[in-house]
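Please look through the sequence and the model below before reading on. The report that follows moves from the whole chain to its sheet, its cores and a few single residues.

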Amino acid sequence: MEIIKWIDVNYKNKELKLRDKVILQLMYDGGCRIGEVLGLTLEDISLYKTKNANYVGIIKIRNRLSDKLFQSSKTCMKITSLNDYRKNEYQTKNVGFQETYISYQTYQMLIDYIDVSRGKDIKGSFADSVERTTFSNEYVFLNLRTKTVLNISTWNMNLRKIFVANNLPIDVGVKKNGLNHLFRHGFAMKLLYDCNYRIEMVQKRMRHKNQSSTLIYINPTDEQIAEMKIKFEDEKLNNDKKN
């Protein structure tokens, strides 16, 4: 992703560089919505080893009573009291919580950011712990200067600056073209046209309840249509030669 390369070159502060890269990667590599990213806490991150001995990161997405409005996970169970954490619905996948996968590289970048950003001066990053553990839970992403929870206004302002610096168009106030959502859209397009996932798998990775929601993301460019046509003709030609 060109924006990631630009951040690598132009950001001088290590903590800020890691933070912005990880946020973008969680949306583009994990298909997370920006509210889900900003609501991410330390206990929502884990590492999974596949049967082939490969590692991927798992991000657990859920709501907490301590969440601000901009940290809401709109497709997960809404929380109105601390008692909700003990309900079966809250502990049920795709009802109380959802999961998404990220590459090991993104996972490692996330862990590096947590290590760099944590210190004795953390002030306002407290989050409810719902894993029934004794450690003090925290939201992951912080304002660089105040060391409080990164809010959506600060992040959006920062993201607009990144787009402007890269000569990318900004549709201010147009919800369907929100800058953050472009990365989730890119995630869907990557699965469809680069990874050649079937629509059912894309729906699962996007965490959509209905396939109609997934179909909204299918909007191939003329270049992609041309490439698919060429690929189809090449495969057909090769099959004809074999026969």
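Of the 243 residues in the protein chain, 42% are buried, where buried means under 20% relative accessible area, exposed means over 50%, and partly exposed lies in between (1.4 Å probe, protein chains only). This is a predicted model, in which local features need pLDDT of at least 70 and side-chain atom pairs count only at pLDDT 80 or more, while totals for chains, interfaces and linings use all residues. Residues are numbered from 1 along each chain as its sequence is written, and side-chain values use heavy atoms, with hydrogens and water left out.

**The chain as a whole**

The protein chain has nine helices and three strands, and along the sequence these follow the pattern α-α-α-β-β-β-α-α-α-α-α-α. Helices (H or I, at least four residues) and strands (E, at least two) are DSSP runs, numbered from the N terminus. The accessible surface of the protein chain comes to about 14,200 Å², of which 53% belongs to carbon and sulfur atoms; such areas come from the Shrake-Rupley method with a 1.4 Å probe, and for residues only the protein chains shown count as cover. If one takes the contacts (heavy atoms within 4.5 Å) between residues at least 6 apart in sequence, 60% of them join residues at least 24 apart.

The three strands form an open sheet in the order 1-2-3, with antiparallel pairing; two strands count as paired if DSSP finds at least two bridges between them. Strand 1 (45–49) and strand 3 (97–102) stand at the edges with a single partner strand each, so one side of each is left without a neighbour in the sheet. Neighbouring strands of this sheet are turned by 35° against each other on average, direction ignored. Strand 2 (residues 55–62) and strand 3 pair in the antiparallel sense over six bridges, and Ile 58 has Tyr 101 in strand 3 as its bridge partner. Helix 4 (residues 104–117) packs on the sheet, where it touches strand 1, strand 2 and strand 3, and its direction makes about 145° with that of strand 1. For these angles, axes are lines fitted to C-alpha atoms, for helices over the stretch in contact, and angles run from 0 to 180 degrees between N-to-C directions.

**The cores**

A nonpolar core is a set of buried Ala, Val, Leu, Ile, Met, Phe, Trp, Tyr and Cys residues joined through side-chain atoms within 4.5 Å. The largest such core has 35 residues, and of these Leu 24, Leu 110 and Phe 141 touch the most other members. Several elements give two or more residues to this core, among them helix 1 (2–10), helix 2 (14–28), strand 2 and helix 4, and the largest share, six residues, comes from helix 2. A second, separate core of nine residues includes Ala 188, Leu 192, Tyr 193 and Ile 199.

In helix 1 the buried residues are Ile 3, Ile 4 and Ile 7. Seen down the axis of helix 1, these buried residues fall within an arc of 105°, so they line one face of the helix; the arc is that of the directions from the helix axis to the C-beta atoms. On the other side of helix 1, Glu 2 and Val 9 are exposed. The cover over the buried residues of helix 1 includes helix 2, helix 5 and helix 6.

**Single residues**

Val 22 has its place in helix 2. Not counting residues up to four places away in sequence, Val 22 touches Met 109, Leu 110, Tyr 113 and Phe 141. Val 22 and Tyr 107 are 85 residues apart in sequence, while their C-alpha atoms are 8.6 Å apart in space. Gln 25 also lies in helix 2, and with the same exclusion of residues up to four places away, Gln 25 touches Met 1, Ile 4, Gly 30 and Thr 106.

The table gives the accessibility of some single residues.

| Residue | Relative accessibility | Class |
|---|---|---|
| Val 22 | 0% | buried |
| Gln 25 | 16% | buried |
| Ala 53 | 45% | partly exposed |
| Asn 167 | 72% | exposed |

Ala 53 lies in the loop between strand 1 and strand 2, and its phi is near 65°, a positive value in a residue other than glycine. Asn 167 lies in the loop between helix 5 and helix 6, and the phi of Asn 167 is near 55°, a positive value in a residue other than glycine.
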